[in-house]
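I opened this model to see how its chains meet. My notes follow.

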Amino acid sequence: MLQLRGNTSMEREVADRNNREGMMGWLNPRRYGWERVSYWLQRLTGVGLLAYFIAHIYETSQIAGGPALWEAFLELTQTTLGHIILIVVIGMCVFHSANGIRLIFAHGGKGLGKPGRPDYPYDAVSLNYRQKSGIWIALILALVAMLYGASVLFGGE
Amino acid sequence: MHKMTMLRESQIMKIHYITAVGALFVVAVHIMMRIAVMPYGMSLEYENVIANYQNIPYIVLLESILVLVSIHGFNGLRVILLELRQSKKWEDGVTVLTIAAMIALIAYGTRTIILANGLGVE
Amino acid sequence: MTEQLIEEIETMEKKREKEKHQGEKEYPKSSVTLKIYRANRRAGESPHYDRIEVPVQRWTTVLDALLYAKAYKDQSIGIRYSCRMASCGSCGMKINGIPRLACYTKVSELQGREITVEPLSNFPHIRDLVTDFSQFFAHHHNVEPYIQNDNADMPEKSKLTEFIQTPEDVDKYLQFSYCIKCGLCYSACPTVATDTQFPGPQALSQAYRYFIDSRDTAPKERLDLVDNRHGIWRCHFAGSCSAVCPKGVDPALGIQLLRGHLLGYSKNEKKVAELKERQKKDD
């Protein structure tokens, strides 16, 4: 017998982790197609949005400090860098929402097609163009929203 | 198996999806209020923001955003962290930490709403 | 005497070989370089890549090329294979970074003149291109991959019966039963890459295969089995499993359909196949 799995729980944990791709596997999301890109972006935007949300709650809490503090804080965020961050947040928010709606249905098997009798070249029905278009639409919507956000933040008064 | 769960994973994930849809709706209204009622820059002026905090339906909206996004966001974080490492210590830590952070954020945000609401009374 | 005989046979064979090839159409021959991952942790050999040039033809598969390298260039290459026709699922490996069956991947369909072959990710590494499948099989075993039906136990041979299934009933699970357990999906899955307790696409799709089979009477138990912290919910539909599956099993589809039952999108009740009385009794 191979002694790959150790005797103690610690040794087993190390053996179980041997050769796992780990987070490094995320670094090349294009290897497996659009669905993998969507997985990667959904996760990245989710973490980004949570970070923004926490910052936003802190940011808005400054209102309780009175007008002077509020105005001072606004000046901090109403900068070019602040606007760029907000535009990225808009993009993340729209992509995460649009792609999320697709995923809520897809996670329950909706819009994936039916199982059947596979034939060469064995293309998977779940990786169909409805799903891919959903990802593309989410990306396009995010881009449009970012452009609109940029026009509001940089364009007008 | 891990006993530190009051809810089944399917129940937690159903909450995850429901809060997602709810958050999408309330955040959309919140953003519309920033750009549709008056120009974006004007909507951020102190008086206008304070006026928002006097408006009961808007307070309900803000509190809903706070609760829905916190639940959804921190559960999302819990999912990512659970997938990173597996041990009872880590998993229990992740569960406690994300729930605590969620409660803390909701409490902190609610405090702002209450304080800002009080500022307009005089 | 013996040496003379051997010499005679060899000359005859060479002559025959020459005659055989004279009538054949000549295909343009070329060669590729195999960049093979080599390591033997237990022997203290650190990971490195060996470059071996092998001749290839239009029909040469990566497995053919590797076996050529093993036969004529370096006999120590560690590789697992068996059927050479995508039926046994033994020769799974990462070819140019993507999990594929070596016997099912032709050299001509790959870009470039260098082919990188590495052991499957997410499986404990043993030596060179060989990995340990025990965790993978344990996950498969945990989802109870067999029909559970109390009525099917017939102690008396004379009462042996068969289930009645319509072609539609069969279509619901057939494609998932084509799984050859090659482990490509397990290697491609981003959740498996970090979560050691996640059953993986193969096991979860098999959970659905038995869940939806009309002969099985334990659907609730099967749902309970995957409804946990490291269960089905850790699938995020990255679709990589289905992208690499060489048999069209589409594990991602099975997983999402199973989750549809947990989410209440699909009804959990199913019509269990009836047992048909056997017409002719066995003696």
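**Chain A against chain C**

I looked up this pair first. In chain A, 35 residues are in contact with 44 residues of chain C; contact means that the C-beta atoms of two residues, placed from the backbone, lie within 7 Å. The model is predicted: local features need pLDDT of at least 70, side-chain atom pairs count only at pLDDT 80 or more, and totals for chains, interfaces and linings use all residues. Residues are numbered from 1 along each chain as its sequence is written, while chains are lettered from A and ligands numbered from 1 in the order in which they are written.

Next I asked which elements of chain A touch chain C. Helix 1 (9-17), helix 2 (34-61) and helix 4 (80-106) of chain A each give two or more residues to that side. Helices here are DSSP runs (H or I, at least four residues), strands are E runs of at least two, and both are numbered from the N terminus. I then sorted that side by class: 16 nonpolar, 10 polar and 9 charged residues. Asp, Glu, Lys and Arg count as charged, Ala, Val, Leu, Ile, Met, Phe, Trp, Tyr, Cys and Pro as nonpolar, and the others, Gly among them, as polar.

**Chain B against chain C**

This contact takes 11 residues from chain B and 14 residues from chain C. Helix 1 (9-35) and helix 4 (56-84) of chain B each give two or more residues. Helix 1 of chain B gives the most, with 4 residues. I find 3 nonpolar, 4 polar and 4 charged residues on the chain B side.

**Chain A itself**

I count 5 helices and 0 strands in chain A.
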